[in-house]
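Look at the sequence and the model below before reading on. The paragraphs after them go from single contacts to the whole chain.

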Amino acid sequence: MKTSEYSRIIVLAQPKPLHNDFRDQRRSVYWIDRTPFAPGPNGTTQIVATERINELSKPRSLTANFKFNKMSAISPIKKSTLERNPAGRILYLSLPRRPLAKPDGNVFSSIPTGLPRQSTLDRIDMLSQPRIREDTFATDETRWGQPKPVSFDAMVCTPSSRLEDLSRPKKYHSEFKPERPVESEVPEHALTSMANQHLQKLARPRTRTMIIDDYDPYKVTSAAQHAKPTARTELLSVPFTRKQKQKSQLRN
């Protein structure tokens, strides 16, 4: 047994044979249909390009009027430009634009001398007083639920007949019954009464019919097969006259 296992291990330890189309040391998986580029006689890769590619690869030639970048950002101004008198339009455009936003005023601003000083101070004192606000819903109660005092005018005024009618309390309905107490006594006649046969029948739980396992819902009963329809049923089963076709039409 050990000899057979040892021979099996030797077979599995053998290297896997290579395929017939195997290529050793293939540098890329994309070099399948053609050989890779090889360096030329000068040691560089030779690339075969079209005439259009060679034309586009050439550097762009400069024009005769091309000017190189200035050596300095400060360029000299001509003497004629310095001595020329600008027009009125140029002077107007050279003025700085007026700012749209006003700068913040100084805290220590002075009061103009033309205004009366005493009247200005009186006005400032009046505006500095806190505004008195009247709260119409406020009540001067010292504790929660304290009734609000009735005004003298309300106590002296004479109510109208309509107010007197509305002030009367509403009466209960003639058939009104107050709520029953939780612990109510059962009357003696209810305890000693005997239930009749109909009450006993209603008190019994509903009995369910026995389930038949071999019940066939598609089977027509014999009573339904021998039943005869009434005259009203036969009248309702007759189709409409406009939908009936004559025998002559059927023959044709």
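How far apart are E55 and R52 in helix α2? The two residues are three positions apart in this helix, which covers residues 51–57, so about one helical turn separates them. The model is a predicted one. In it, E55 and R52 form a salt bridge, and their closest N and O atoms are 3.8 Å apart. That distance counts because a salt bridge is a side-chain nitrogen of Lys or Arg within 4 Å of a carboxyl oxygen of Asp or Glu.

Side chains of opposite charge can pair when their charged atoms come close. A search of the whole structure finds two salt bridges. Besides the bridge between E55 and R52, there is one in which the side chains of R168 and D165 meet, at 2.5 Å from N to O. R168 has a relative accessible area of 51%, so this residue is exposed.

The next contact is between rings. The structure holds one aromatic pair. Y172 and F176 make up this pair, with ring centres 4.8 Å apart and an angle of 15° between the planes. The pair counts as stacked, because planes under 30 degrees apart are classed that way. Is Y172 buried or exposed? With a relative accessible area of 68%, Y172 is exposed. F176 is partly exposed, because its relative accessibility is 44%.

V150 lies in the loop between α5 (117–127) and α6 (152–156). The relative accessibility of V150 is 55%, so V150 counts as exposed.

Now take the chain as a whole. Which kinds of element does the protein have, helices or strands? There are 12 helices and zero strands. Read from the N terminus on, the elements run α-α-α-α-α-α-α-α-α-α-α-α. The protein has 252 residues, and buried residues make up 0% of them. Its accessible surface comes to about 29,400 Å², and 56% of this belongs to carbon and sulfur atoms.

The residues described above can now be placed in that setting.

Key: Residues are numbered from 1 along each chain as its sequence is written. This is a predicted model: local features need pLDDT of at least 70, side-chain atom pairs count only at pLDDT 80 or more; totals for chains, interfaces and linings use all residues. Side-chain values use heavy atoms; hydrogens and water are left out. Helices (H or I, at least four residues) and strands (E, at least two) are DSSP runs, numbered from the N terminus. Buried means under 20% relative accessible area, exposed over 50%, partly exposed in between (1.4 Å probe, protein chains only). Accessible areas come from the Shrake-Rupley method with a 1.4 Å probe; for residues, only the protein chains shown count as cover. Rings of Phe, Tyr and Trp (its six-membered ring) pair if their centres lie within 6.5 Å; planes under 30 degrees apart count as stacked, over 60 as edge-to-face and the rest as tilted.
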